[in-house]
Each structure stands twice: as structure tokens, then as C-alpha cells.
Amino acid sequence: MKKILLVYNPVSGRGVFKKKLDGVIEKFQRRKILVALYRTEKNSDAENFFQCVKNFGADGIISAGGDGTLHRVVNLIKKLNLNLPVGIFGTGTSNDFATHLKISDAEKYFDAIAEGKIKSVDLGKVGDEFFINVASAGVFTSIAHEVDSKEKNALGKFAYYLRGIGELPKFKSVRLEVRADGKFFEVDAFLFLVLNSPAVASLKKISDVAKIDDGKLDFLALKKCSPRELLKLSKKILSGESVQADENIFYLQAKNFEINSAESLTSDLDGEIGDKLPLKIETIPHAINFFVP
């Protein structure tokens, strides 16, 4: 009998997953899959997690929460050298990676888990920390950490947009120094993103060429521009258009990046607080397997 460890965040996305839990277990049992539950929040104990996986003899791990929960699950798996496929039930405020993989908790996805249907994907790495979808810094990147959890649970994604509007008067560009596979570039920018997938900030396609299995990461910087140009670009992004080729976007693709600035900037990794710049970012090709529909 296949065994799955279901790691869930009880407060993610207004805590809706707890209400779905019995139905999820029923769907697994119908497919002859035994489920064990592991409750996680921000400061999960890695040793306890490892013992749970080891004692249970799991064949796979499902992350039920948002991008932050998935980030913590993947980092525990990699740091503990667990060679197990990962599934996603995207129940958080932001579920960008699950959206890109077209994952939902529909019957089709349970069938895929039962059949062991997987896809090997790349990861980004900053120091000892892995990221699944995006590393970023600059304007807006602190919003996820500043939005109160009660506000986020009450308003969902709209809470981020409200906070973002409040940040507009503070827009200030910084000078970025970027090395991409050894080539040096400088750009004045409001923010930068290093992407694994094209889905970020609840937008499904910010880049035309970003792929999760090409052994590369995609660097996009929002260049210093006028409020009018910024508004035009924002409309394009919100309409679902790729902005990679826009004149106000600085774009690179590479396996390795070094990013620095004279300004003090703290990075964000999948919505979690990361290191301060300078950052050394590398692509880890085909680093982990995901269950896919």
C-alpha cells in the first residue's frame, strides 16, 4: 500500500483546508493510499519532520498550504536528503507554483498521485536555502511580510494589492550590479525577480520563456521609469500579458547570478524572508520531483 505524508498549514488561506481534510483522506483511501498528517507552521522542527517521514515510510509528501508552506517543505526535503516526490494542494493566499503546474485537488490529481505521475523540476539556491519559484528584492518585495495575517486571511490577495497601492509614493530605484554566468551588467531598477516559473504574484505569465526544467533561471528587473510608463506596464501585467520584452524590463537568462547593490536590500524567497544582498544564486537542475496531473 502506498503511503503519503500530508504536511498541512492550519492557518493558510483562512484555514479552509481543515474543513476539506476528511474529504481529502476519503479520496486517498478510495485509491488504497494510507495518509499520515503532519501539522506545520513557520518554525517547524526539521528533526521531528525527518523522524515522522522515516518512521512512517512515506512514498511521497504532499504540501497543503500556500507558496510559503511549499517552500518550507521543499527545503526540509532537500536539507534532509529525502528522495521523495512532492505534491501540492494550493490552499494559501498565493499558490503560484501550483497554478503553473495546473494542480488542483480534483479527482484527476489524486489519480496522478496514485499512479506516481511525476515531473522533474529545477530549483534555485541562495546559500543553503532553496527556492521553488522566485527570489526577489526591491519595492513590493517586503509586502508579503508586512501584511498582517488576520488582514491577509480576511482579504486574501486583495490585501497585497491594497498594501502595494500604499507603497507607490515611496517608489525609489536602486543601482543593481548583476553577473549572469560571468557577464556583468548594471541597471537602475525598482525591483528584480529571479524566476523559475513564469507565474509570480498570482500572475500566470510574466515571462514567455521561463521554464521549470530548462536548467536556467530568468532575471527580470523593473527599470526606473515614469509613473505613466509604470501604469502602462501594470495594466499589461494585470491583463495577463508577458512583460519580458517590454522596454521598461531588463531581462537575462542564466544558470548562475550574483546580484549586489550599494543600497541595503533584503531578499524574498517564495514569500519568505531571505538574505540581504549581495546574493549568489545558482540553478540546481532537475533537483526534485513533483506529482503532476
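Biologist: What makes strand E1 (residues 2-8) count as mostly covered?

Modeller: Five of the seven residues of E1 are buried, where buried means under 20% relative accessible area, exposed means over 50%, and partly exposed lies in between, all with a 1.4 Å probe and protein chains only. The strand itself is a DSSP run, E with at least two residues, just as a helix is a run of H or I with at least four, and both are numbered from the N terminus. This is a predicted model, in which local features need pLDDT of at least 70 and side-chain atom pairs count only at pLDDT 80 or more, while totals for chains, interfaces and linings use all residues. Residues are numbered from 1 along each chain as its sequence is written, and side-chain values use heavy atoms, with hydrogens and water left out.

Biologist: How do you know that E1 is joined to E2, and which way do they run?

Modeller: Two strands pair if DSSP finds at least two bridges between them, and E1 and E2, which run parallel, are joined by seven, so they qualify as a pair. Within this pairing, Lys 3 has Leu 34 in E2 as its bridge partner. E1 is also joined in parallel to strand E3 (residues 60-65), by five bridges, and there Leu 6 has Ile 62 as its partner.

Biologist: Why is Lys 32 called exposed?

Modeller: Its relative accessibility is 59%, and therefore Lys 32 falls in the exposed class. Lys 32 sits in the loop between helix H1 (17-30) and strand E2 (33-39), and its phi is positive, about 60°, although the residue is not a glycine.

Biologist: Asp 270 has a positive phi as well; is Asp 270 buried or exposed?

Modeller: Asp 270 has a relative accessibility of 6%, and for that reason it counts as buried. Its phi is near 55°, again in a residue other than glycine, and its place is the loop between strand E13 (266-269) and E14.

Biologist: How do you know that the span of helix H3 (residues 67-79) is close to the expected one?

Modeller: The expected span is 1.5 Å times one less than the number of residues; for the 13 residues of H3 this is 18 Å, and the helix reaches 18 Å from its first C-alpha to its last. H3 is also mostly covered, with 11 of its 13 residues buried, among them Asp 67, His 71 and Arg 72. After the helix comes Asn 81, with a positive phi near 55°.

Biologist: What makes the space in this structure a cavity, and how many are found at 30 Å³ or more?

Modeller: On a 1 Å grid over the protein atoms alone, a cavity is a set of points where a 1.4 Å probe fits but cannot get out, and lining residues have an atom within 4 Å of a point. The whole structure holds one cavity of 30 Å³ or more. Of the 10 residues that line the largest cavity, the closest to its centre are Gly 65, Gly 66, Asp 67, Ile 88 and Asn 95. E3, H3 and strand E4 (86-90) each supply at least two residues of this lining.

Biologist: Why is the pair of Phe 219 and Phe 250 called edge-to-face?

Modeller: Rings of Phe, Tyr and Trp (its six-membered ring) pair if their centres lie within 6.5 Å, with planes under 30 degrees apart counted as stacked, over 60 as edge-to-face and the rest as tilted. By this rule there are 12 aromatic pairs. Phe 219 and Phe 250 lie 6.2 Å apart centre to centre, with 85° between the planes, and the pair is edge-to-face. Phe 219 belongs to strand E10 (residues 217-223) and Phe 250 to strand E11 (residues 249-254), so the pair ties together parts that are 31 residues apart in sequence. Phe 219 is buried because its relative accessibility is 0%, and Phe 250, at 18%, is buried too.

Note on methods: On a 1 Å grid over the protein atoms alone, a cavity is a set of points where a 1.4 Å probe fits but cannot get out, and a pocket is an open set with protein on both sides within 12 Å along at least five of seven lines; lining residues have an atom within 4 Å of a point. Grid points are joined across faces, edges and corners, and a volume is the space filled by probe spheres set on the points.
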